[in-house]
Amino acid sequence: MGDERKKFLKYSIIFGIIVAIEVIILFFIQNDFLTIKNKQKTLGVIVDIVNTSENFSARGDFYRTAYRGTIIVEYEVNGIKYYSEKRVKSYVRFYVPSESEYYIGREITVFYNKELPSDSAIDTISGKYNAVIYTSLAIEILIFIIFLYRRLTKKKKVCLKVITVEDIDYQRERVFFEEEKSKKLYFIDYDFGEKIKIGENYELYNTHKSNYKKQEVVFNNKNVHAYKIVDIDKDSFLKNSNN
């Protein structure tokens, strides 16, 4: 698999992970803030709090406890009682536990489906807010696609040092270069004539990743992997002033 395909696969995996995270976030958001069809509202009463846990914290002279639990709310529609539940979190000062916004006996708004009253939620989100969430996801995906495109088509500068010149035939030479920073091997088949010499340094500007194709080639009587320079005019090789 070529370098470009590997990079494309890597970014695609990252993209997939981002989408998966967004989907999971949306799942939990919609789990907590349900969109109810044919929405009606009524008052319900907290009749129980289950699966409770607490975490004590202090800030200066202010002490408080974070209570987590699932509230069970009873509500009535057309004389029939239904129940709804929601995982909640409430901060209270430890010496005034009654300050919790969730306690047995408190009235709380319940939203339910007029056609199916058992379909209910303590909180809901409007279709408009729901659209905002998905629009945000779409924007993030678009930004990532733009980033991926720019990353794969980004122009680059390559600094090369001539290390070997081999004759292919009476008209062409195969010139091997070593890249200054990565020390990777590059080569090109061209008729450079006597313009290029071992030890000289050259620079290529505004090239694309597609101008470098990784392939197996014979170098110093060994099969090695090197980047073949393609679709670049020899006049694009600018001799470094440090030569």
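Residues are termed buried under 20% relative accessible area, exposed over 50% and partly exposed in between, with a 1.4 Å probe and protein chains only. The structure is a predicted model, in which local features need pLDDT of at least 70 and side-chain atom pairs count only at pLDDT 80 or more, while totals for chains, interfaces and linings use all residues. Residues are numbered from 1 along each chain as its sequence is written, and side-chain values use heavy atoms, with hydrogens and water left out.

The protein chain contains two helices and 12 strands, assigned as DSSP runs (helices: H or I, at least four residues; strands: E, at least two) and numbered from the N terminus. The order of elements from the N terminus is α-β-β-β-β-β-α-β-β-β-β-β-β-β. Of the 243 residues, 30% are buried. Contacts are defined by heavy atoms within 4.5 Å; among those between residues at least 6 apart in sequence, 59% join residues at least 24 apart. The chain exposes about 16,300 Å², of which carbon and sulfur atoms supply 52%; accessible areas come from the Shrake-Rupley method with a 1.4 Å probe, and for residues only the protein chains shown count as cover.

In helix 1 (residues 3-32) lies Leu-9, which is partly exposed at 42% relative accessibility. Together with Ile-13, Ile-17 and Ile-21, Leu-9 forms a nonpolar surface patch with about 360 Å² of accessible area. Patches are made of residues with over 30% relative accessible area and no salt bridge, like charges being joined within 9 Å and nonpolar side chains (Val, Leu, Ile, Met, Phe, Trp, Tyr) within 5 Å.

Asn-113 belongs to strand 4 (residues 107-113) and is buried, at a relative accessible area of 7%. The side chain of Asn-113 reaches the backbone nitrogen of Glu-115 at 2.9 Å. Beyond residues up to four places away in sequence, Asn-113 touches Ile-36, Lys-37, Asn-38 and Asp-119.

Two salt bridges are found in the whole structure, the criterion being a side-chain nitrogen of Lys or Arg within 4 Å of a carboxyl oxygen of Asp or Glu. Side chains of opposite charge can pair when their charged atoms come close. In the salt bridge between Asp-189 and Arg-174, the closest N and O atoms are 2.7 Å apart. This pair links distant parts of the chain, with Asp-189 in strand 8 and Arg-174 in strand 7, 15 residues apart. Asp-189 is buried at 18% relative accessibility, whereas Arg-174 is partly exposed at 23%. The other salt bridge joins the side chains of Lys-183 and Glu-178 at 4.0 Å, N to O. Glu-178 is partly exposed at 29% relative accessibility.

Lys-183 lies in the loop between strand 7 (173-179) and strand 8 (185-190) and is exposed, with a relative accessible area of 52%. The phi of Lys-183 is near 65°, a positive value in a residue other than glycine. A positive phi, near 55°, is also assigned to Asp-231, which occupies the loop between strand 11 (222-229) and strand 12 (238-239) and is exposed at 74% relative accessibility.

Strand 10 (residues 212-219) and strand 11 pair in the antiparallel sense over eight bridges, where pairing requires that DSSP finds at least two bridges between two strands. Glu-216 has His-225 of strand 11 as its bridge partner. The hairpin of these strands has two residues between them, and Asn-220 takes a positive phi near 55°.

Conventions. A polar contact is a pair of N or O atoms within 3.5 Å; within protein, one must be able to donate a hydrogen and the other to accept it, and residues adjacent in sequence count only if both atoms are side-chain atoms.
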